[in-house]
Amino acid sequence: MAGNYADLGLAYSQKVRSAATQRDASLASRAYSRFLSQQRGRRQQADLARSSNAQLGKLAASYGARGLRNSGVRQRGVSDFATGVQQQTQDIADRVRDEQQQSLLGDASVNAAYEGLVADAELQKLSDIYRAALTLQDYMPFLGS
């Protein structure tokens with residue numbers, strides 16, 4: 001029980017503020033992580049586009065050097081290359097989306113933990129008030145009622 005009846009409710013408020021501070025800090029950290037993940041994904045996609053454009057030029061030149069400039073073999077090679085680049089781009093987008101979903105699930109977990117801490121603090125407050133009321137009932141015979 002609280003050391004002093006005047007403290008009833010104050011410990012509750014402090015626990016709720018502390019839990020809210022922890023929750024807010026965690027949510028802010030997660031939001032920043034999501035931002036960095038998006039930025040990393042965009043940068044990876046831009047790097048892939050730059051490197052694939054450079055590689056595509058080399059690929060086309062290699063077919064030209066072998067005299068296969070307008071052949072079906074060249075078309076197939078370029079098509080396979082483009083398909084691979086598209087798959088890599090999609091893999092990056094999928095990875096970023098998965099990271100975002102995991103972060104949002106983490107946010108839900110942080111909010112649930114906060115709600116649990118607030119409920120525990122509320123229960124403790126009610127328990128302290130109940131015990132104080134029981135203690136005060138012990139003094140009823142001395143009050144003349």
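In these legends, a helix is a DSSP run of H or I that spans at least four residues, and helices are numbered from the N terminus. The model shown is predicted.

**View A. Helix α1 and its buried residues.** Helix α1 comprises residues 10–65, 56 residues in total. From its first C-alpha to its last it reaches 82 Å, close to the 82 Å expected at 1.5 Å a residue. Its buried residues are Tyr 12, Val 16, Ala 19, Ala 20, Arg 34, Ser 37, Gly 41, Leu 48, Ser 52, Leu 59, Tyr 63 and Gly 64. The cover over these residues includes helix α2 (72–137). Just after α1, Gly 67 adopts a positive phi of about 80°.

View B. Asp 107 and Arg 34 form a salt bridge in which the closest N and O atoms are 2.8 Å apart. The pair links distant parts of the chain, with Asp 107 in helix α2 and Arg 34 in helix α1, 73 residues apart. Both Asp 107 and Arg 34 are buried. Arg 30 joins Arg 34 and Asp 107 in a network of salt bridges. The structure as a whole holds eight salt bridges.

View C. The side chains of Arg 50 and Asp 47 meet in a salt bridge, at 2.3 Å from N to O. Both residues belong to helix α1 and lie three residues apart, about one turn of the helix. An α-helix has 3.6 residues a turn, so residues three or four places apart point the same way. Arg 50 counts as exposed because its relative accessibility is 54%, the cut-off being over 50%. Asp 47, with a relative accessible area of 39%, is partly exposed.

View D. Arg 131 and Asp 128 are both in helix α2, three residues apart, about one turn of the helix. Arg 131 has 31% relative accessibility and therefore counts as partly exposed. Asp 128 is buried because its relative accessible area is 12%, under the 20% limit.

**View E. A nonpolar patch on the surface.** Tyr 32, Phe 35 and Leu 36 make up this patch, and together they have about 290 Å² of accessible area. Tyr 32 is found in helix α1. With a relative accessible area of 51%, Tyr 32 is exposed.

Conventions. Residues are numbered from 1 along each chain as its sequence is written. This is a predicted model: local features need pLDDT of at least 70, side-chain atom pairs count only at pLDDT 80 or more; totals for chains, interfaces and linings use all residues. Side-chain values use heavy atoms; hydrogens and water are left out. Helices (H or I, at least four residues) and strands (E, at least two) are DSSP runs, numbered from the N terminus. The expected span of a helix is 1.5 Å times one less than its number of residues. Buried means under 20% relative accessible area, exposed over 50%, partly exposed in between (1.4 Å probe, protein chains only). Contact means heavy atoms within 4.5 Å. Patches are made of residues with over 30% relative accessible area and no salt bridge: like charges are joined within 9 Å, nonpolar side chains (Val, Leu, Ile, Met, Phe, Trp, Tyr) within 5 Å. Accessible areas come from the Shrake-Rupley method with a 1.4 Å probe; for residues, only the protein chains shown count as cover. A salt bridge is a side-chain nitrogen of Lys or Arg within 4 Å of a carboxyl oxygen of Asp or Glu.
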